[in-house]
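Subject: Handing over the two-chain model

Hi,

Here is the structure I promised to pass on to you.

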Amino acid sequence: MVEPYKDLIELAIPAKAQYVGVVRLTVSGIANRMGFHYDDIEDMKLALAEACTNAVDHAYSGQEGQIAVSFFIFEDRLAIRVSDEGNSFDISSVKQRSGPIDKDLPLTSMRERGLGLHLMETLMDRVEINGGRGVIVTMTKFIHRDEVEQDVDSPEKTKSHG
Amino acid sequence: MNLTIQEKTQSDTAITMVVSGEVDAYTAPQLREKLMPLTKQKQEVFLDLTTVEYMDSTGLGVLIGAYKSLRAQGGRLVLIGMSARLSRLLKITGLTEIIDIEDGA
C-alpha cells in the first residue's frame with residue numbers, strides 16, 4: 001500500500017456553480033504552499049474545477065447536495081479527491097466519449113460539453129474515477145522540482161563559504 | 001470571481017467584444033447570453049480574450065456554441081489576445097484546429 005499522507009485538508013461545498021471558484025482558490029493556496037510551479041497550479045485549478053463542475057451538473061439533478069473535496073498532501077505530490085453522493089453514471093461510456101474535438105466531424109455533431117474529463121486526464125498525472133453511491137474522482141499531480149537546481153551550488157556548500 | 005463583457009467596436013457586419021475576468025460554470029451562462037444573439041446578427045464576431053484570467057470547459061462550450069451558430073450562417077468567430085494558458089487549453093481540446101485565432105487586438 002502507498003505511504004501515508006503528511007497532511008489532509010478537507011472542504012465541503014454546496015453543489016452549486018458559484019462555489020467552484022472557492023475550490024479553485026483553495027487548491028491554488030495549497031499547491032502554492034507545497035512549492036508547485038505556476039503552470040502546474042493553473043493545471044490543477046482547471047482539472048479540479050472540471051471535476052467539481054461535473055458533480056454540480058450531474059450529481060443531484062437540481063436537488064441540493066454537497067461536494068466533498070479532500071486534499072492529501074504528500075512529500076512529492078498532491079492527491080485530490082472529489083466525491084458526491086448523488087447520481088452515479090456509466091463511467092465507461094463517458095470515457096469513450098471523452099477526447100478532444102474532432103475537426104473532421106460535421107458542425108452539428110460537434111460537442112459543447114464533455115471536454116472536462118479529457119482536460120482532467122491531460123492536465124493531471126493520474127486520474128481515477130470510481131462509482132459507488134455517487135461519483136469519486138481522485139486526481140494526482142507530482143511536484144516537478146527544477147532539474148536545473150541540481151547543477152547549481154547546493155545551499156549547504158554556499159553556507160560553508162559564508 | 002467576476003466576468004465582464006464589453007463591446008469595443010461595431011459595424012453592420014462585425015463586432016468586437018472584450019471579455020475580462022473568469023469564465024467558469026458560474027459565469028459562462030452570462031457570456032452565452034451576450035454572445036449568442038450577436039452570432040445571429042453579425043457576420044463576424046471578434047472576441048478579445050487578453051484580460052481573461054481563467055477559462056475552463058464551460059467557457060470553451062460557449063465558444064463552440066458561438067462558432068457553430070456563426071458557421072451555420074456562413075459567418076466566423078475570431079479569437080484575439082490569447083494568453084499562453086488559453087492557447088494551451090484550446091490546443092489540448094483540439095479547438096486550435098477549428099476556431100480562427102489572430103494575434104493582437
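This is a predicted model: local features need pLDDT of at least 70, side-chain atom pairs count only at pLDDT 80 or more; totals for chains, interfaces and linings use all residues.

**Strand S3 of chain A**

I would begin with strand S3 of chain A, which spans residues 77–84. This strand is mostly covered, with 6 of its 8 residues buried. It has pairing partners in S2(A) and in S5(A).

Strand S2 of chain A (residues 66–73) runs antiparallel to S3(A), and 7 bridges join the two. They make a hairpin, with 3 residues between the strands. If you want a pair to look at here, A:Ala68 stands opposite A:Ser83 of S3(A).

The pairing of S3(A) with strand S5 of chain A (residues 135–142) is also antiparallel, and it too extends over 7 bridges. Here A:Arg77 has A:Phe142 in S5(A) as its bridge partner.

**A residue to look at: A:Ala79**

A:Ala79 lies in strand S3 of chain A. Is A:Ala79 buried or exposed? It counts as buried because 21 other C-beta atoms lie within 10 Å, where the cut-off for buried is 20 or more. Leaving aside residues up to four places away in sequence, A:Ala79 touches A:Phe72, A:Phe74, A:Thr138 and A:Thr140. As for A:Val135, 56 residues separate it from A:Ala79 in sequence, and the C-alpha to C-alpha separation in space is 16 Å.

**The sheet of chain B**

Chain B has an open sheet of 5 strands in the order S1-S2-S3-S4-S5, with mixed pairing. At the edges are strand S1 (3–10) and strand S5 (100–102) of chain B, each of which pairs on one side only. From one strand to the next, the twist averages 25°.

For a parallel pair, have a look at strand S3 (residues 44–55) and strand S4 (residues 76–80) of chain B, which are joined over 5 bridges. B:Leu47 stands opposite B:Leu79 in S4(B).

**Where the chains meet**

Between the chains, 23 residues of chain A are in contact with 22 residues of chain B. On the chain A side, helix H1 (20–34), helix H2 (38–58) and helix H4 (116–123) each supply at least two residues. Which helix gives the most to this side? That is H2(A), with 6 residues. By type, the chain A residues that touch chain B divide into 11 nonpolar, 6 polar and 6 charged.

Happy to go through any of this with you.

Best wishes

Methods:
Residues are numbered from 1 along each chain as its sequence is written. Chains are lettered from A and ligands numbered from 1 in the order in which they are written. A residue is buried if 20 or more other C-beta atoms lie within 10 Å of its own, exposed if 12 or fewer, and partly exposed in between; C-beta atoms are placed from the backbone. Helices (H or I, at least four residues) and strands (E, at least two) are DSSP runs, numbered from the N terminus. Two strands pair if DSSP finds at least two bridges between them. Two residues are in contact if their C-beta atoms, placed from the backbone, lie within 7 Å. Axes are lines fitted to C-alpha atoms, for helices over the stretch in contact, and angles run from 0 to 180 degrees between N-to-C directions. Ala, Val, Leu, Ile, Met, Phe, Trp, Tyr, Cys and Pro count as nonpolar, Asp, Glu, Lys and Arg as charged, and the others, Gly among them, as polar.
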